[in-house]
Every structure is written in structure tokens, then in C-alpha cells.
Amino acid sequence: MSEDLLPIGRFARLCRLSVKQLRNYDDLGLLAPAWIDPASGYRYYRADQARDALSIGLLRTLDVPLPAVARVLSGDAADALREARDRMEDDLVQRRRALALLDRVLAEGLPEARVATVREPARRVRFAVEAATPTTIARATSACVARLLAGGTLEGALVGLFPLDLADEFDVRVAMEAADGGDLLPGGLFAGATHVGPYEEIQLTVYGVLAWIGDHGHAPGGPVREVYLDDPATTEPERLRTRVLIRLEDA
């Protein structure tokens, strides 16, 4: 063992990290020790590894995803950091909109949705799927839309499909009509209402539809469907129309 190596405790103190964090970085494949004692399993590091250790710590405090952290360490710092910066700016916008929505709900209460029943036909569609959490729904939906639009010309409205009951992790799906076959999007009898306004406020209309279903003695069936009627690239957020549909399971 070289005398230049630092035991993990001393290296952790040097980097202002915990021993547990360093072990975790090793387990994740982000920062391997310079040498591991084969007898004791004790980890040792070189002093010049402190740069990478500090970089990982800073990136993780900003919630930069592990794949992006690995890219930074491999030398692809510019693109990875730009993507991380864009994601954090998007998150900040989402948080500001959420606060604005909270102000509105506290000041005005929950809005009433104009709900009506409609029978939807079954459709042939192509799906894009992304894993999501309750705080990353918008990002996952955008990723699905981008993938579908990159695959060809839009033939009809895009339909977002979201679980009726949200878990810690779930799949977000977006469907696009496909003239040449594809998967089947079932039809049936739905309760629906048209939301006009930013996508971040659609949850208010979803609440209104679910409340109507409960008030009329029906049972809702998932997934919740959001039919996007306008192009957000050419339509102001306050004028965006989204059709919210929830299947009546007992119909």
C-alpha cells in the first residue's frame, strides 16, 4: 500500500463528506477507492480524488440524476450540466405555478367543472411510456410527447393516460392515433369536462370530474385521460383546452 493513500475516514473529513456517502458512491460506481485492503475490506483514497468526491457531493445536493453525475465525471461536463440546469429551471417554473395555483384555491375555493357523459369509441393508437413520481408527471408526459412526435406526423389529438390512484412510482403513458394498427385504446362511457388553462391546473378539473362521479353514485375507472386539443407551442397557456375523461366503471 502506498503511503500517499488516505484512509476513508481522513479522506471523508478532507472532502467534508461522510464515510457512508463515500461508500455509497463506490457502490453506485461513481467513485471507487484507489485501494481496498483485501484482508479488512477497508477503503483508501488518493488526495487527488477529492475533486471528484466534492463534485459528486455538490451535484447530488442539487438532485442531479446519477447518470448525469457519471457523465460529468467522465468529462462530458458541459452538456450534462446544461441539461441539469435546464431541468432545475423547469422545476422552479413548476413550483412557482404550483404556488400560484395554491393561492387561487385558497382565495376562490375549488372550481366546479361542467361535467357531461360521453361515449368514446375504441381507437388504435401508439403508446409512449415513461416512469414517473407524483412530482415528475409533467416531465414524464413531455418526454412521451416528444418521443411520439419524433416518430412521425401527428394524426390526431394526443391523449395522456394517468393512474387513478397515484403511487410513489408509476407509469405515465401518452397515446397517439395510428392509422396502421397499433394498440387498442378501449372505448366506453365516460364522464368528461373541458379544462381551459395551463396544464398545471388540470388537476382541478380532474377533481371536479371525480366529485361529479361520486355525487352521481358512479364508480370511476382508470386511467384518467387528458386529451390535448391545442398545440402549446402556438397557444397561450391560459387558452389551452384539455378534455378530461374518466370512465364510468359501472356503466
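**Asking how we know**

Q: Where in this predicted model is R16 found?
A: R16 is found in the loop between α1 (8–15) and α2 (19–27).

Q: Why does R16 count as exposed?
A: The cut-off for exposed is over 50% relative accessible area. R16 comes out at 73% relative accessibility, so it counts as exposed.

Q: What makes the phi of R16 worth a look?
A: Most residues other than glycine have a negative phi. R16 has a positive one, about 60 degrees, although it is not a glycine. For another positive phi, go to G75, which follows α4 and has a value near 110 degrees.

Q: How do you know that the buried residues of α4 are on the same side of the helix?
A: In α4 (residues 66–73), the buried ones are A68, V69 and V72. They cover an arc of only 105 degrees around the axis, which puts them on the same side of α4. An α-helix has 3.6 residues a turn, so residues three or four places apart point the same way. As for partners, the buried residues of α4 pack against α3 (50–61) and α5.

Q: Why is the peptide bond from G222 to P223 called cis?
A: Omega for that bond is near -5 degrees, and the bond is cis. Most peptide bonds are trans. P223 itself has its place in strand β10.

Q: What makes a set of residues here a nonpolar core?
A: The members have to be buried and joined through side-chain atoms within 4.5 Å. The largest such core has 25 residues, and L158, A191, V209 and I213 touch the most other members. Elements giving two or more residues to this core include β5 (123–132), α6, β6 and β11 (241–248). α7 gives the most, with five residues. Apart from it lies another core, of 21 residues, with L22, A50, V64 and A84 among them.

Q: Which residues does L158 touch?
A: Leaving out residues up to four places away in sequence, L158 touches V145, L148, L149, V174, A175, M176, E226, V227 and Y228.

Q: How do you know which residues line the largest pocket?
A: A lining residue needs an atom within 4 Å of a pocket point. The largest pocket, with a volume of about 1,900 Å³, has 49 lining residues, and Q94, I137, A138, R139 and E200 are the closest to its centre. α5 gives the most to the lining, with 11 residues. By class, the lining has 29 nonpolar, eight polar and 12 charged residues.

How values were computed: Residues numbered from 1 in each chain as written. Predicted model: local features only at pLDDT ≥ 70, side-chain atom pairs only at ≥ 80, totals over all residues. Heavy atoms only, no water. 1 Å grid on protein atoms, 1.4 Å probe; cavity = no way out; pocket = protein on both sides within 12 Å on 5 of 7 lines; lining within 4 Å. Points joined across faces, edges and corners; volume = space filled by probe spheres on them. Helix = DSSP H or I, 4+ residues; strand = E, 2+ residues; numbered from the N terminus. Nonpolar A, V, L, I, M, F, W, Y, C, P; charged D, E, K, R; others polar. Buried < 20%, exposed > 50% of the residue type's maximum accessible area, 1.4 Å probe, protein only. Arc of directions from axis to C-beta. Contact = heavy atoms within 4.5 Å.
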